[in-house]
Amino acid sequence: MKAIAVHPGRPNSMHLEEVAEPKVTDVPNGRGVLVRVLRVGVDGTDKEINAAEYGQAPPGDDFLITGHESFGQVVEVGPNVPPSLRPGTFVVATVRRPGTSIYDRVGMQDFTTDDVYFERGINLRHGYLTERYVEDHAWVVPLPPVLREVGVLLEPTTVAEKGINQAYEIQRRLKLWRPERAAVLGSGTIGLLATLLLRLRGLEVVCFSKRPAPYLNSELIEALGATYVSSEQTTLADAAAAHGPLDLIFEATGFSPLVFEAAKALGKNGVLVLASVTGGTRTTEVDADVINQGFVLGNKVMVGTVNASRDDFVRGVDDLVKAEALYPGWLGRLLTTPIAGLDNFEQMLRALTEDTDAIKVYMEVT
């Protein structure tokens, strides 16, 4: 069976690997689900793993199968798998697996305090860029047939799903928090999906991104009834003054200095959600006193979010179904760049590196 893999620690080592066929009995106690992989979304994480910026192979192997954004169809199940996961069911598997912290032990591994974590396709667990995989049913989420063409977007949707849900969870302290206006920083895949989820919740949304309109991303924002603003034409402060006060800001740009502009632009009782995993050593000057005073006197919150729980995947399924009903065809327009077949991994890497118009690059595995 073929798989796309890297040799962790060796830059540009992506290759085709022959691996053993998985069996439903590989998972003990009759809990196994054997899945035929249909599509796998790829993103900057896969590119960075190929560049040897991070990632480790599972114990006993010198390679790591990449790919963490899965979409497939159940082939076979063990005797103790629930009826929601029958052969033929479309499914997506979650990414992170439990470690040793108290949070991991209660099923909240997305909040782990462990320094070492286990993520399929990223670290110490093989991923989904292969023809078939087997998994414990606890980490497999069923999707209805209506999501057949867009189900590969579920995993990136959960990034926004978790961040927005955490904002609401935090603001339960206010008893009656009813956000009306939000800003999304960045119009890549995560920014677009965050805008979608906020619109589904009835918020007015302004998306603040670099490139001037019109282009596909700005058209997608406006198709949701949101407002697109280019940072080359206005500042975030001016956008907040025109479209605020901002009750929630979701940051998904990967440009860390913008975080501090967002902290200044956030309205009273607001939540700033940080979803970008930034590397490097970038420094910037900030209005520290202004930001500090605004957060203290305005009861504001800044929170980081990473990974997602099974509950976020389940909420994501519900929201994708709603999106297909309210904005038919919108999700499909995000799937800009299909790559046919695992053999074409070099074409996939080129698309991730060179295609600046791509929104979602994905492999058509089957």
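Analyst: First, the naming: helices (H or I, at least four residues) and strands (E, at least two) are DSSP runs, numbered from the N terminus. This is a predicted model, where local features need pLDDT of at least 70 and side-chain atom pairs count only at pLDDT 80 or more, while totals for chains, interfaces and linings use all residues. Residues are numbered from 1 along each chain as its sequence is written, and side-chain values use heavy atoms, with hydrogens and water left out.

Now the packing. Helix α7 (residues 257-265) sits against helix α8 (residues 288-297) at an angle of about 45 degrees, and their axes are 9 Å apart. That makes α7 oblique to α8; angles under 35 degrees count as roughly parallel, over 145 as roughly antiparallel, 65 to 115 as roughly perpendicular, and the rest as oblique. The axes here are lines fitted to C-alpha atoms over the stretch in contact, with angles running from 0 to 180 degrees between N-to-C directions.

Who touches whom? On the α7 side you have F260, A263 and K264, and they meet V290, I291 and F295 of α8, contact meaning heavy atoms within 4.5 Å. Sorted by class, that contact has 5 nonpolar, no polar and 1 charged residues. For the classes, Ala, Val, Leu, Ile, Met, Phe, Trp, Tyr, Cys and Pro are nonpolar, Asp, Glu, Lys and Arg are charged, and the others, Gly among them, are polar.

Over to helix α3 (residues 154-170). 12 of its 17 residues are buried, so α3 is largely enclosed by the rest of the structure; buried means under 20% relative accessible area, exposed over 50%, and partly exposed in between (1.4 Å probe, protein chains only). Among the buried ones are E155, E161 and K162, along with L154 and I164.

On to the backbone. K175, in the loop between α3 and β12 (181-185), has a positive phi of about 70 degrees although it is not a glycine. At 72% relative accessibility, K175 counts as exposed. L124 also isn't a glycine, and has a positive phi of about 65 degrees. L124 belongs to strand β9 (residues 124-125) and is buried, with a relative accessible area of 11%.

Then the cis peptides. One joins A213 and P214, with omega about 5 degrees, and P214 is in the loop between β13 (204-209) and α5 (216-223). Another joins G244 and P245, with omega about 0 degrees; P245 lies in the loop between α6 (236-243) and β15 (246-251).
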